[in-house]
Amino acid sequence: MTSGNYQKHADSRGPSRIIIALDSLYARKLGTTTAVWLRQAEYTQRKAGNGCWWFKKILADRDDNNQMISPRWEIDQSFEYETGLTRSHQGKARKAAKKLGVLQERRSRNGGRLEYRIDLDLLAKIVSKWADEERNFQRSEASEITFGNGESGALESEISLSSTESIQIKKSRTAPSSSSAKHENSSKKRQPRAKIAGVHCWNDLDQKLANSIVEKYGEKAVCDAVSQLENEGAKPLPSVVEKILSRSSAKNMVEETRQRLDSYDISEIDRKRRTAARDAVDMLSPSERGKLIKKFIDENIGGDATSFEPIKGEFRKLDEKLHCKRWLEAQFMDRC
């Protein structure tokens with residue numbers, strides 16, 4: 001194997017050992033387990049060829065003492081032998097890689113074995129984005145520290161080489177130049193490539209994500225989230241803006257569900273009627289239940305926006321499922 005991902009090392013203590021070159025950037029962004037698996041998969045993809053499918057066993061072969069056996073042929077290579085990761089650890093790493101969008105999987109026609117493919121182009125763009133984010137953060141921190149130290153150092157050198165009278169003159173001369181230097185440093189800071197609804201976009205991936213966020217949540221909501229981040233002194237990057245909007249959306253859904261359920265709340269006296277209504281709903285035939293559910297969707301949700309699946313006969317969204325249940329009970333409350 002090559003040194004780009006891992007290499008074999010031999011010494012006098014025994015057979016060759018595999019050393020994985022773990023990328024610290026991968027580990028910081030994905031965690032050690034996912035970073036180890038993805039680097040190994042990336043190496044195997046480069047060896048197989050960009051865009052090609054390849055196969056590697058999940059678990060290694062073992063002897064009678066349950067010790068892993070060194071693979072003799074390429075077809076016998078396994079992630080467990082090469083990385084030391086268990087089946088569960090590999091499963092978590094593959095899930096993270098698929099969520100990132102760089103991993104594809106399929107079952108082959110011959111034997112149904114699991115094959116993989118890594119999108120090297122997309123992975124390179126993501127890694128470049130990670131590196132840019134870290135460089136920008138380090139530059140912003142370093143520029144503030146460097147300017148503060150440079151100003152104090154200049155004044156100290158003037159004190160050591162000048163008399164008391166000349167110090168006053170040189171301080172008055174150096175103060176404006178220091179402020180102008182600070183202005184020049186701030187003006188030279190790298191600017192985003194584009195801003196979409198106020199979201200800072202440093203590359204093509206950021207622009208795609210920002211556009212999808214605006215399409216999903218609306219431009220006004222995105223601008224409000226950007227303003228909130230700027231007031232807190234944080235940079236409105238696409239991932240940060242999306243996190244704020246998703247939290248707000250979840251809170252709104254919980255509150256909306258609570259309001260829907262409260263609208264069907266009944267007093268303690270009517271609990272028996274409610275139980276009878278629930279029994280009546282359970283006794284409905286499939287056709288009668290289907291008609292009532294259709295009526296519920298038309299009156300409360302709208303046919304195009306519902307999560308109801310006719311084949312399964314149930315709602316995918318929990319809030320719609322609970323809303324429909326209470327609505328059906330309410331239809332029979334007056335009859336009980």
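These legends go with close-up views of a predicted model.

**View 1. The largest pocket and its lining.**
The largest pocket of this predicted model has a volume of about 600 Å³. Its lining is made of 16 residues. Leu100, Lys129, Trp130, Leu209 and Ser239 lie nearest the centre of the pocket. Five elements are named as giving two or more residues to this lining: helix 1 (24-30), helix 4 (87-100), helix 5 (120-161), helix 7 (204-217) and helix 9 (238-262). The largest share, 5 residues, comes from helix 5. By type, the lining residues divide into 8 nonpolar, 1 polar and 7 charged.

**View 2. Helix 4, one of the elements lining the pocket.**
Helix 4 has 14 residues, and its end C-alpha atoms are 20 Å apart. That agrees with the span it should have at 1.5 Å a residue, which is also 20 Å. Look for Gln90, Ala93, Arg94 and Ala97, which are buried in helix 4. They cover an arc of only 100° around the axis, so they sit on the same side of helix 4. Now turn to the other side of helix 4, where Lys92, Lys95 and Lys99 are exposed.

**View 3. The loop between strand 6 and strand 7.**
Strand 6 covers residues 194-196, and strand 7 covers residues 199-201. Ala194 is found in strand 6. Its relative accessible area is 21%, so Ala194 is partly exposed. The cut-off for buried is under 20%. The C-alpha atoms of Ala194 and Asp204 are separated by 9.6 Å, and these residues are 10 apart along the chain.
The loop between strand 6 and strand 7 holds Ala197. Phi of Ala197 is near 55°, a positive value in a residue other than glycine. Is Ala197 buried or exposed? Ala197 is buried, because its relative accessible area is 18%.
Gly198 is found in this loop too. At 25% relative accessibility, Gly198 counts as partly exposed. The C-alpha atoms of Gly198 and Asp224 are separated by 9.4 Å. Along the chain, Gly198 and Asp224 are 26 residues apart.

**View 4. Helix 8 and the glycine that follows.**
Helix 8 runs over residues 219-231 and has 13 residues. From its first C-alpha to its last, helix 8 reaches 18 Å. This is close to the 18 Å expected at 1.5 Å a residue. Which residues of helix 8 are buried? Val222, Ala225, Val226 and Leu229 are. These residues cover an arc of only 100° around the axis, which puts them on the same side of helix 8. Lys220 and Asn231 are exposed on the other side of helix 8. Helix 8 is followed by Gly233. The phi of Gly233 is positive, near 80°.

Helix 11 spans residues 286-300 and has 15 residues. The distance from its first C-alpha to its last is 21 Å. That is close to the 21 Å expected at 1.5 Å a residue. Leu292, Ile293, Phe296 and Ile297 are buried in helix 11. Seen down the axis of helix 11, these buried residues fall within an arc of 140°, so they line one face of the helix. On the other side of helix 11, Lys291, Lys294, Asp298 and Glu299 are exposed.

**View 5. Asn66 and its phi.**
Asn66 is found in the loop between strand 3 (54-55) and helix 3 (79-83). Asn66 is not a glycine.

A disulfide is a covalent bond between the sulfur atoms of two cysteines. How many disulfides does the model have? The count comes to 0 disulfides, with a cut-off of 2.5 Å between the sulfur atoms.

Methods: Residues are numbered from 1 along each chain as its sequence is written. This is a predicted model: local features need pLDDT of at least 70, side-chain atom pairs count only at pLDDT 80 or more; totals for chains, interfaces and linings use all residues. Side-chain values use heavy atoms; hydrogens and water are left out. On a 1 Å grid over the protein atoms alone, a cavity is a set of points where a 1.4 Å probe fits but cannot get out, and a pocket is an open set with protein on both sides within 12 Å along at least five of seven lines; lining residues have an atom within 4 Å of a point. Grid points are joined across faces, edges and corners, and a volume is the space filled by probe spheres set on the points. Helices (H or I, at least four residues) and strands (E, at least two) are DSSP runs, numbered from the N terminus. Ala, Val, Leu, Ile, Met, Phe, Trp, Tyr, Cys and Pro count as nonpolar, Asp, Glu, Lys and Arg as charged, and the others, Gly among them, as polar. The expected span of a helix is 1.5 Å times one less than its number of residues. Buried means under 20% relative accessible area, exposed over 50%, partly exposed in between (1.4 Å probe, protein chains only). The arc is that of the directions from the helix axis to the C-beta atoms.
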